[in-house]
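Dear colleague,

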Amino acid sequence: MAWVEKRGDQWRVRLRNPDGSVATDSSHPTKTAANTRAHAIETDQQRDVYINPENGKITLTDWVDIWLDAHDVSASTFERYRSHLDIHILPRFGDSPLNMITRMAVKRWVKDLNARRADSTVASVLSLLSMIMGEAVEERRISMNPCRRLRNTSVHRPERPWATAEQVNEIAGRLTAPNQILIITAAYTGMRWGELCGLRRPNCKLDDARIYIDPDEGALHEVGGHLEL
């Protein structure tokens, strides 16, 4: 249930939570406006869709701590989440209450990221923020996800140039013999750095001119400061 109380020159809307506690929903300059809000709260409570504004005052940083503690992912995925949060998301929105993070603020932030980061990075960062805010909606801390249906639209960038055979040889020529092989192999196979570092001798079939990348242990990754195949 909800009711109206006079407090100073304002009218505040009070309500009783399901656990029996009493909370303040909002304050209004007129009794009419307060009554309108109180009736709306009672309707939402009857439909079981009411969202207490107090629940959305938690900062994104505090909400992320709760979310991460309950979220079960692999070690590599967790490290990617942690990197996106520490480098991109929390520096911008960490101190903001969940219910103060607006769609326009997120769009401006994405626009700024697009000017500095690759498309895939921006898409991954935005996807993570949307997932976190979506969980806040499910927990009834906010009424809607400010990232919903928000797409990354970056400016067109020219295709990055490919090194010619002569340029590859020039780069390799500046290095020691083992590193020369890494550079040439990368240039002509398209193998990623982690795959090159994780390559084992039995997987190099030189008689058949083949290199086999194991799908489970064929790449070296740094996860939480530790190297893992």
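Before turning to the strands, please keep in mind that two strands are said to pair if DSSP finds at least two bridges between them. This is a predicted model, and in it strand S2 (residues 10-16) runs antiparallel to strand S3 (residues 22-28), the two being joined by 6 bridges. Within this pairing, arginine 16 stands opposite valine 22 in S3. S2 and S3 form a hairpin that has 5 residues between the strands, and glycine 20, which lies in the turn, has a positive phi of about 95°.

Next come the salt bridges, of which a search of the whole structure finds 8. One of them joins the side chains of aspartate 112 and arginine 116 (3.0 Å, N to O); aspartate 112 counts as partly exposed because its relative accessibility is 40%, and arginine 116, with a relative accessible area of 48%, is partly exposed.

Arginine 192 forms a salt bridge with glutamate 195, where the closest N and O atoms are 2.9 Å apart. Arginine 192 counts as exposed at 57% relative accessibility, whereas glutamate 195 counts as buried, because buried means under 20% and its relative accessibility is 13%.

Finally, a patch of positive charge on the surface gathers Arg103, Lys107, Arg148, Arg149 and Arg151. Arginine 151 is found in the loop between helix H5 (119-138) and helix H6 (165-172), and at 66% relative accessibility it counts as exposed.

Terms used. Residues are numbered from 1 along each chain as its sequence is written. This is a predicted model: local features need pLDDT of at least 70, side-chain atom pairs count only at pLDDT 80 or more; totals for chains, interfaces and linings use all residues. Side-chain values use heavy atoms; hydrogens and water are left out. Helices (H or I, at least four residues) and strands (E, at least two) are DSSP runs, numbered from the N terminus. Patches are made of residues with over 30% relative accessible area and no salt bridge: like charges are joined within 9 Å, nonpolar side chains (Val, Leu, Ile, Met, Phe, Trp, Tyr) within 5 Å. Accessible areas come from the Shrake-Rupley method with a 1.4 Å probe; for residues, only the protein chains shown count as cover. A salt bridge is a side-chain nitrogen of Lys or Arg within 4 Å of a carboxyl oxygen of Asp or Glu. Lys and Arg count as positive and Asp and Glu as negative; His and the chain ends are not counted. The place of a charge is taken as NZ of Lys, CZ of Arg, CG of Asp or CD of Glu. Buried means under 20% relative accessible area, exposed over 50%, partly exposed in between (1.4 Å probe, protein chains only).
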